[in-house]
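Good morning, and thank you for coming. I shall present one structure today and begin with a question about it.

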Amino acid sequence: MGRITEDLIRRNAEHNDCVIFSLEELSLHQQEIERLEHIDKWCRDLKILYLQNNLIGKIENVSKLKKLEYLNLALNNIEKIENLEGCEGLTKLDLTVNFIGELSSVKTLQGNIHLKELFLMGNPCADFDGYRQFVLATLQQLKWLDGKEIERSERIRALQNFAAVEQKIREQEKAYCLKRAKDKEEAQRKLKEEENKSKMERNHTGSDGHWYTDISTPLSPSEDSKGYIQAPETQEGQCKEKKLDDREDDLEFWNKPSLYTPESRLETLRHMEKQRRDQERLSEKKKKVKPPRMLVTEDGRALNVNEPKLDFTLKDDEKRNQIVLDLAVYRYMDTSLIDVDVQPTYVRVMVKGKPFQLVLPAEVKPDSSFAKRSQTTGHLVVCMPK
């Protein structure tokens, strides 16, 4: 699941040279964020905040954003309007397609005197009989509701019938809350069942994902031999069977009927996360382990190898009776990452674990050889007396 971190905000603040304390606009949509946190400490100057299409379940930690003008929390898991009293400059609030059933919680916005636009369509409360009249009478500073302009005559009628509408809204809220409580109980029951199922699966599988039988069960000699001979086939069959089971579980998950609730949204995301993790594990297993580079043949002949792909020169210094290798290692590379091995017929240099090996044109004295780094170029120079 995603979390709001300083690094995440900086990555989304390129338009402000990655400086976050003076940010005026921030977009964190579609990040699988479950909790609204830290923003009020790190980005006090925000005017526009986009958080749509996440998994945020509660409005919190935004009360210190005094300059905030537009807050977009559409397509989240919010069930109640709260904790926005401190957002003194708020003019537009988008809560489209959430799970707000407590319509009376709009009263918390009465102190936001600059609020002109509010979006609540797609929430359970928007289906309440008297929904629009209740909001219009409660929030008299509003100019637009769900993209529709509020006319003066419409507000007057809403205020005149407010007592009856409020009573009606209270009754519908109560019925919704009872239904929501049952949905939560059902979600908890399902979650517990899934946890028990996962525990049982873990108890029957090893760390490598293969299924094992109880080792205390004795086998007859014939069964034991048979099992030993067919072990690879059995193991392969078990893997195929497990893949088939996973595919069936996936089909069952997507085909089973489900209510549209905050819990079902979380369940769907966690199922997709599990699929992604399983796929990554499968991909890792499929990756072939790269065999080590052959440096010496079976008959003892050294090979020329340049795995780090470095430029080099090899000179025969007849005046000093030595062979000089100039290897263009990276200028700022730490010398501790370089290892030199001189043999009578070849020289080997390990650069960050990658081998560079060169067969020499004449035999050299390993004990008298030495290596040094150039202070100007960083090149490695190996001097090898003949």
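Which residues in helix 4 are buried? Before I answer, please note that this is a predicted model, in which local features need pLDDT of at least 70, side-chain atom pairs count only at pLDDT 80 or more, and totals for chains, interfaces and linings use all residues. Residues are numbered from 1 along each chain as its sequence is written, and side-chain values use heavy atoms, with hydrogens and water left out.

The buried residues of helix 4 are Glu154, Arg155 and Ala158. Buried means under 20% relative accessible area, exposed over 50%, and partly exposed in between, with a 1.4 Å probe and protein chains only. Helices here are DSSP runs of H or I with at least four residues, strands are runs of E with at least two, and both are numbered from the N terminus. The face of helix 4 turned away from the buried side carries Arg152 and Gln160, which are exposed.

What does helix 4 meet? Contact, meaning heavy atoms within 4.5 Å, joins Arg132, Gln133, Leu136 and Ala137 of helix 3 to Glu154, Arg155, Ala158 and Leu159 of helix 4.

Finally, I turn to two loop residues. His38 has a positive phi of about 70 degrees, although it is not a glycine. His38 lies in the loop between strand 1 (25–27) and helix 2 (39–42), and it is partly exposed at 25% relative accessibility. Lys309, also not a glycine, has a positive phi of about 55 degrees. Lys309 sits in the loop between strand 8 (305–306) and strand 9 (312–317), and it is exposed, with a relative accessible area of 71%.
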